[in-house]
Amino acid sequence: MALEIRVDGLVMTYGDLRAVDGVSFTVAPGEFFGLLGPNGAGKTTTLEMIEGLRRPQAGTVRIGDHEPWRRESGLQRRMGVQLQASSFFERLTVREQLDTFGALYGVAAGRTDAMLEQVGLVDKAGVRTEDLSGGQLQRLSIACALIHDPDVVFLDEPTAALDPQARRNLWDVLRTINDSGRTVVLTTHHMDEAEVLCDRVAIMDAGRVLELDTPAALVRGLDAPVRISLAPGTLSAADARSIAGDDPVDEDAGGLTITTRRPAEVLSALADRDALSGLSVKGASLEDVFLELTGREYRA
Ligand SMILES: Nc1ncnc2c1ncn2[C@@H]1O[C@H](COP(=O)(O)OP(=O)(O)OP(=O)(O)O)[C@@H](O)[C@H]1O
Ligand SMILES: [Mg+2]
């Protein structure tokens, strides 16, 4: 029951600011899709138009056969939405929040326990939301978005406030949801997260999509050199330079680093000299693509 999302020429302006300036893409049924971009790029505004929370000033969104801004209940029931800033019913406990959200969607009460388990809030079931930590609130908002087992899930920076363990747990939850054929769209500032989870990512800045592809293709497109670092004492600087040829060799307290576009040759020469122990090889990552495209220091 996966749904396709088609976004065509979306525009949203606030005064003189074109917050979203002609955004188009298609998310295939069952795809895991990421929106990346610096603060203010227009990710949340784009997502809110896709979710039907804002009517586009220009352009169209279709989810399956529906236009989300019409807010037809047939689509609402199939969509799970986690907002960047979420709010809850006042003075209810975690369990009561989930029961209430579930009841709104006509979900059997048993789902609450399953969701508490999935997001690691079993211990907090009886606690009022006012008394939760930031990360716990975020887990609750994710549980509320998933309680009715939606076919398409939108998450706006779902892991922003989570500790590393909770992040990994959420990755597992999202992977399971996606593996069962559901479409997932998320925004994130964690490049590693996008690289691990997303089939394709759109990198946005200043209201436009700069690049859209699989993480691997984006990284390949960068044609960036590989950094090969040798532990101190494995090889003399002179030997490293003779292997590196024209490629730069940097030396610091951590050892020697050769930056090269012909890693196979360099590694094989290092193997011949028995200099592979403690070696580390670092290629370009999505973070490098992001920096290259947006030309900004990336801050999580
Ligand atoms: N209601 C609003 N009124 C005026 N300007 C707005 C409004 N909402 C967003 N903006 C502006 O639109 C631009 C895009 O905002 P948006 O929230 O979509 O960015 P974002 O990519 O989600 O950023 P972040 O990574 O910080 O969440 C920003 O410059 C923001 O200041
Ligand atoms: Mg945002």
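**Exercise 1. Work out how many residues surround ligand 1, and which are the closest.**

Step 1: collect residues with a heavy atom within 4 Å of the ligand, the cut-off for being near a molecule. That gives 14 residues around ligand 1, and the closest are Gly40, Gly42, Lys43, Thr44 and Thr45. Keep in mind that this is a predicted model, where local features need pLDDT of at least 70, side-chain atom pairs count only at pLDDT 80 or more, and totals for chains, interfaces and linings use all residues. Side-chain values use heavy atoms, with hydrogens and water left out, residues are numbered from 1 along each chain as its sequence is written, and chains are lettered from A and ligands numbered from 1 in the order in which they are written.

Step 2: sort the shell by class. It has five nonpolar, seven polar and two charged residues. Here Ala, Val, Leu, Ile, Met, Phe, Trp, Tyr, Cys and Pro count as nonpolar, Asp, Glu, Lys and Arg as charged, and the others, Gly among them, as polar.

Step 3: look for N or O pairs within 3.5 Å, the polar contact limit; within protein, one atom must be able to donate a hydrogen and the other to accept it, and residues adjacent in sequence count only if both atoms are side-chain atoms.

- Asn39 has a side-chain N or O atom 3.0 Å from a ligand 1 oxygen.
- Gly42 puts a polar backbone atom 2.9 Å from an oxygen of the ligand.
- Glu157 has a polar side-chain atom 3.4 Å from a ligand oxygen.

Step 4: check the cover. Alone, ligand 1 exposes 640 Å², and the protein buries 64% of that; areas use the Shrake-Rupley method with a 1.4 Å probe, and for residues only the protein chains shown count as cover.

**Exercise 2. Find which element supplies the largest share of the shell around ligand 1.**

Step 1: list the elements, taken as DSSP runs numbered from the N terminus (helices are H or I, at least four residues; strands are E, at least two). Strand E2 (17-27) and helix H1 (43-50) each give at least two shell residues.

Step 2: pick the top one. H1 has the largest share, with three residues.

Step 3: see how covered H1 is. Seven of its eight residues are buried, including Lys43, Thr45 and Met49. Buried means under 20% relative accessible area, exposed over 50%, and partly exposed in between (1.4 Å probe, protein chains only).

Step 4: step past the helix. Gly52 follows H1 with a positive phi, near 85 degrees.

**Exercise 3. Decide whether Leu116 is buried or exposed, then list what it touches.**

Step 1: Leu116 sits in helix H4 (residues 111-118).

Step 2: read its area. Leu116 counts as buried because its relative accessible area is 1%.

Step 3: gather contacts (heavy atoms within 4.5 Å). Skipping residues up to four places away in sequence, Leu116 touches Val94, Arg95, Leu98, Leu121, Val122 and Ala125.
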